[in-house]
Amino acid sequence: MTNSEPLLDVRDLSVTFTRKGGPSVRAVDGVSFTVRPGETVGLVGESGSGKSVTSLAVMGLLPRRGVQVGGQVAFDDDDLLTLPRDRMRDIRGRDIAMVFQDPMSSLNPVVPIGIQVTEVLERHQDLKGDTARAAAEDLLSRVGIPDPARRLKEYPHQLSGGMRQRALIAMALACRPRLLIADEPTTALDVTIQAQIIELLKELVQDTGASLVMITHDLGVVAGLCDTVHVMYSGRIVESAGRRELFAQPRHPYTGGLLASVPRLDAPRGAPLHPIPGSPTDVLRWSRGCAFAPRCPNRIEPCTDGPPPLESIGGRSLRCLNPLTETEEVATR
Amino acid sequence: MNDQTSAASAEKRASSDGLLSVRGLEVHFPIRSGIIIERQVGAVKAVDGVDLDIPRGATVGLVGESGCGKSTLGRAILRLVEPTAGTVTFDGTDLGALAGEELRRMRRQLQMVFQDPMASLDPRQNVQSVISEPLRAHGVGGDHRARVRELLDLVGLPASAANRYPHEFSGGQRQRIGIARAIALEPQLIVADEPVSALDVSIQAQVVNLLEELQDRLGLTYLVIAHDLAVVRHIADIVAVMYLGGLVEQAPSDDLYATPLHPYTKALMSAVPIPDPAVEDARQRILLQGDLPSPADPPPGCRFHTRCPFRQPTRCADERPALRTVAGHPATHRVACHWAEDIEAGRIQPAAEAVIEPDPAPDPAT
């Protein structure tokens, strides 16, 4: 990891969905993080934590109506949030690319794979005809798709799930982006295919020097892949740390709870699981206190008095008034 | 839970009598072609010759990737799909010989929990009606309201839930409703098809714990079908690994995880990410090439030989291995691989391109 200037600097990002005749919903609330060149950053959270909305906001892919986006997203010297649409289109796909969860719904089902891959090259690199086709073939073989010439003529439904995700990654990498955002890229895939895709992403990041933002609910995926991890809950980052520090010693009760609730393949059998009580929908509004307080085993009185601040403690950021201590962490294992 | 007692009880369960016995089960879905005159041009061999025993009171985990036929096997056991061949014997009764009313009555004993609790609950039916439906369908008398309250209490939901509708609940609570419905008739066997995979991670453990608690209280027998090896390892006494319509390995959970013998099991286990960077960085991985072959046209010989990193030039491609025991392992540990002994002894090494060694330069921070 280098100490150079951040490539992406998200400052105080907030996204509010407004509804006619209903209360507005703040899906992302004051999220800040940076991504340095070559760094792999993980955004971890359950459904409703705001991790996907964060990535859509960075990519400028949220609908214009009914959404209020605040804060800054600095990429190079540009603020992506205020950039005109056509400038954003130039950056998107060329400098920043995204891979989505479900490869079937992000590919056009009635257009052959080849056209969808070459489209990116034509739009951003002015490649045409045979040159574009050759480049597309090269891309597909780079992501490990056998017989790329034949695959280019096929439609998405003719490819398996893992193959489709490879094709999407090929499209995302077409212009050698400097930042790749992957939103649950392996969730829809089987474990052996997931392992292939994660290895592929690792290799590509190493080879091209691109930065990667990995959005996932799977702590195992993060453990093997990310340099820095941000844990999100109900729209805010609750804990950020290097992956080794985070897994060795989770301080936020939510992070600790997540780790204690997943069965581990290498744990002794019969080791009890400690689920987090309640569900991710039992949240307190951040304005009234800590959103996790209703489910938190470490809750103390001040937790529900007001929003706890995000504080830096020994190289990590933590949003908690009564964090886990070392002994408690050991007890949950 | 005490480790020793749980191991002892697992052993006791495993040695006790069998509740369900599956022999040579096949489910082939015909592929038809033609417009006016339809004729069968092939078959998708979803389940192709499976033998499985489920001891009374035990939990058997069935793992495999999507398309391997594990759900079809679960459904064929309950006769929700008709097996093409083979027998399913439940508590001494051949389920295949039952029909009509007899089969319907037998279904009291065999219930199912589905993956997606939203899709398996009628959105316009309130919880009272959902949970009491099996009672009505099987003509169980008595006070249904009281019984539903009791069931809700068993699965950890408040009695007030009875008057509400599925959409008012979170995913984990909906799965509890699905479980309450499954245990309403006091069945002996529950087939749970991916019971936690649609749930948020912090909720999965709640449902896993609930299933274990109910087993202890009601003496249930489970067949848990899942793709998540970590969940299956946690919950199951016996694990069966399925690949492309057949079982490739079957063993008591601890044996399987301690010494996986089949190359597919090894690959599957090395693919499961572990939420611990220290372990992740130090692991050697076996990466499988390619995808699952089509079950309509399975490879000859060992089904796995097209992706197997330990493939040998002889036998693998032309002789289908049967489940067998391996010297040095308990008789309950069975594997379908011609070369299991040589692989275990290290005489056969995996193809180099399939092995990913751990990162050579670990972070100096630790």
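**Entry 1: the sheet of chain B**

I looked up strand β4 (residues 85-90) of chain B and found that 2 bridges join β4 to β5(B), the two running antiparallel. Strands here are DSSP runs of E, at least two residues long, and helices are runs of H or I of at least four, numbered from the N terminus; two strands pair if DSSP finds at least two bridges between them. I noted that B:Thr89 has B:Asp94 in β5(B) as its bridge partner.

I then traced the open sheet of 4 strands, whose order is β2-β1-β4-β5 (chain B) with antiparallel pairing. Its edge strands, each pairing on one side only, are β2 (39-55) and β5 (93-94) of chain B.

**Entry 2: the basis**

I record that this is a predicted model, in which local features need pLDDT of at least 70 and side-chain atom pairs count only at pLDDT 80 or more, while totals for chains, interfaces and linings use all residues. Residues are numbered from 1 along each chain as its sequence is written, chains are lettered from A and ligands numbered from 1 in the order in which they are written, and side-chain values use heavy atoms, with hydrogens and water left out.

**Entry 3: chains A and B**

I found 45 residues of chain A in contact (heavy atoms within 4.5 Å) with 46 residues of chain B. For the salt bridges (a side-chain nitrogen of Lys or Arg within 4 Å of a carboxyl oxygen of Asp or Glu), the rule finds 4 across this interface. I looked up A:Glu199 and B:Arg285, whose side chains meet in a salt bridge at 3.9 Å, N to O. On the side of chain A that touches chain B, α8(A) gives the most, with 7 residues.
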